[in-house]
Amino acid sequence: MLIQGTGIRRLLRKFGYDIIVHIPKPLGINPMMDIKKFINCKKPVVFDIGANIGQTVTEIKQHYKHSIIYSFEPSEDTFSILMKNISTYKNVYPFNIAVGEESGKKIMYENKLSDMSSFLKMGEDG
């Protein structure tokens with residue numbers, strides 16, 4: 001006898017069983033899990049653009065100990081904290097510059113929260 005669709009579920013429930021369907025979490029919930037879906041080597045090369053104080057470097061090194069990371073952070077104050085935070089890691093190359101579409105100089109608008117600093121002017125709400 002062929003049982004289709006919810007009929008299978010009803011039959012299994014009569015015997016105390018159920019069907020469990022595994023639906024993988026969509027992208028965007030956990031960035032490191034997203035990265036792991038696409039990187040399947042032990043020594044990836046990573047470009048950390050807007051490295052801030054090294055949060056991403058730390059997380060990548062936890063999952064990919066042998067990775068090679070190029071970190072770019074334009075804020076001088078934030079860069080000095082970044083340097084302290086990544087000093088124990090091997091194969092991390094920090095640069096105190098911004099990465100963008102064109103070369104030149106821009107004004108960096110610093111925020112109390114370093115991860116909110118930007119080349120964009122702050123709005124009225126900060």
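Reader: What is the strand order of the open sheet, and which sense does the pairing take?

Author: This is a predicted model. Its open sheet has 3 strands in the order β1-β2-β3, and the pairing is parallel.

Reader: What makes β1 and β3 the edge strands?

Author: Each pairs on one side only. That holds for β1 (45-49) and for β3 (92-95). Neighbouring strands of this sheet are turned against each other by 15° on average, direction ignored.

Reader: How do you know that β2 and β3 pair?

Author: Two strands pair if DSSP finds at least two bridges between them. Strand β2 (residues 68-72) and β3 have 4 bridges, in the parallel sense. So β2 and β3 count as paired. In one of the bridges, Ile69 has Val92 of β3 as its partner.

Reader: Why is the pair of Phe72 and Phe95 called stacked?

Author: Rings pair if their centres lie within 6.5 Å, and planes under 30 degrees apart count as stacked. Here the centres are 5.2 Å apart and the planes stand at 15°, so the pair is stacked. Phe72 lies in strand β2 and Phe95 in strand β3, so the pair ties together parts 23 residues apart in sequence. A search of the whole structure finds 3 aromatic pairs.

Reader: Which helices lie across the strands, and at what angles do they run?

Author: Helix α3 lies across β1, β2 and β3, at about 170° to β2. Helix α4 (residues 76-86) lies across β2 and β3, and runs at about 170° to β3.

Reader: Which residues make the contact of α2 with α3?

Author: Met32, Met33 and Lys36 of α2 meet Glu59, Ile60 and His63 of α3. By class, the contact has 3 nonpolar, 1 polar and 2 charged residues.

Note on methods:
Residues numbered from 1 in each chain as written. Predicted model: local features only at pLDDT ≥ 70, side-chain atom pairs only at ≥ 80, totals over all residues. Heavy atoms only, no water. Contact = heavy atoms within 4.5 Å. Helix = DSSP H or I, 4+ residues; strand = E, 2+ residues; numbered from the N terminus. Nonpolar A, V, L, I, M, F, W, Y, C, P; charged D, E, K, R; others polar. Axes fitted to C-alpha atoms, helices over the stretch in contact; angles between N-to-C directions. Phe/Tyr/Trp six-rings, centres within 6.5 Å; stacked < 30°, edge-to-face > 60°.
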